[in-house]
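Biologist: Could we go through this model together? I would like to start with the annotated site and then turn to the charged pairs.

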Amino acid sequence: MSAYFWDDPLAILYIIIAFLVLENLWGVYLMLRDIHVAYKTQQVPNVISPYLPQELYDKMRVYKIHKGWFTIVHNLFTAVILGVMELYFGFYAWLYGVAGKCALSKWMEHEACVSVIFVLLLSVYFWLKSVPAMIYESCCIKSLQPRPKPPWCSRICHFVVDLVVGAMVTTLVVVALVFMFIGLGPYAPLALYLQMVILTIIILLLIPFLIHPFVGQSVPLENSNLRTQLEYLTRQVGFPMSQVRIIRVHDPNTGSNAFFYGCCCLKRIVIFDTLLLNRGKSDLSQLTAEELGRGLADPQVVAVVAHELGHWRNGHFYKAIIAFQVHLILTILLFALMFSHGPIYQAVGFAPGLQPTVIGCLIIFGFVLIPYMTLSNFSMLSMTRCFEYQADEFAYRLGYGGELRQALLKLYADNLAFPVSDPCYSSWNHTHPTMLDRLSRLEELRR
């Protein structure tokens, strides 16, 4: 029986459709639970009421409910209804055929050229499919933080640049992928894994030099009192103060944040200036009305840095890298097991013997591996949530429990993050525990 369904394209098609429908229905169920919590919790939780006015909480609640219903309708229509129709009626095979007909000369009939045309056409289709949702979201869901819109000419230029750069990168990636699978044959998945490892290492090495300039500019810490407290903290745990960086973010609407990353001499604790009270500026005339009063007092900033030092001391960066590598190895092994299996391609409408590389990657990674990807994502989220609890406990053991509690309350209010969430929804969707969960855990440590 198992051999029959594995070799039957129709059975494989129904299984893929079932995976797609079940995953999205599970997501809808979780979203409904979260919306129900928002409907039920009409008053600001007492613990955060000194920091979050009831009027603002009501706006956040309405926004969360509206956004939740929009997400449900959008996912049911685009992912379930259209997704099932695309698979059942062989849309991807049809579009690949259209891409083949776009070949205007003999050299363009090569699989690499046809694959590039297919991916570009598919990108246009996905964009068109998302346009109604983008229009509704921008016009009908009122943002909690309205931002000034740049001039139309600037927006058009930005769109064109993104389009050209995206097309160039897509072309390079697809061509490299096709030639790699053609040249290496059965060893291509191994090469794909090695490429991902090399790319991960390059990204980790280049983060300080490429990411930081896009986020903001590294600036010295003006507050001498805060610097003294941070120097004491870092000296206490053995972390070099020179690796604590303040970033003056380009976008003042960027959320208040601090994070740790890296290893050895490349380790960093990055503090956005939006985390500091009044962005760390002594001249308040430079601030807008929205920026006044935002950010944390010095002891609270130190507590947040103590939390980040907890990530460093507990080796969370290394553990996350190892977990990601295990996930990557399992993903590539499953992909290698299925990539050459012809009935998978026939299930989505291809003739026997026609197995384009780009289609194999799209169908296997995008649909066949849905159960594994869903469970793997849940495991990774559970791990990161556990890391947050451990980092909070580290800060508490250093004596910053009270300041960290105040920092959490102020940050949630400043960042307009809705403080209440369904536990089941949060465990499947959030990298961090909810603020109320973290406060409860800190309270337990006091007992």
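**Annotated site and salt bridges**

Modeller: E308 touches A258, F259, F260 and I269, leaving out residues up to four places away in sequence; contact means heavy atoms within 4.5 Å. This is a predicted model, in which local features need pLDDT of at least 70, side-chain atom pairs count only at pLDDT 80 or more, and totals for chains, interfaces and linings use all residues. Residues are numbered from 1 along each chain as its sequence is written, and side-chain values use heavy atoms, without hydrogens and water.

Biologist: Where does UniProt place the feature "active site"?

Modeller: The unreviewed UniProt entry places it at E308 and D392. They span 85 residues in sequence, yet no two of their C-alpha atoms are more than 8.7 Å apart, so they gather at one spot. Such annotations may be inferred rather than shown by experiment.

Biologist: Is D392 buried or exposed?

Modeller: D392 counts as buried, at 2% relative accessibility (buried is under 20% relative accessible area, exposed over 50%, partly exposed in between, with a 1.4 Å probe and protein chains only).

Biologist: Next topic: how many salt bridges does the structure hold?

Modeller: There are 11, each a side-chain nitrogen of Lys or Arg within 4 Å of a carboxyl oxygen of Asp or Glu. In one of them, D422 meets R33 at 2.9 Å, N to O. The two are 389 residues apart, and this pair links distant parts of the chain.

Biologist: What is the relative accessible area of R33?

Modeller: The value for R33 is 30%, so R33 is partly exposed, whereas D422 is buried at 6%.

Note on methods. Helix = DSSP H or I, 4+ residues; strand = E, 2+ residues; numbered from the N terminus.
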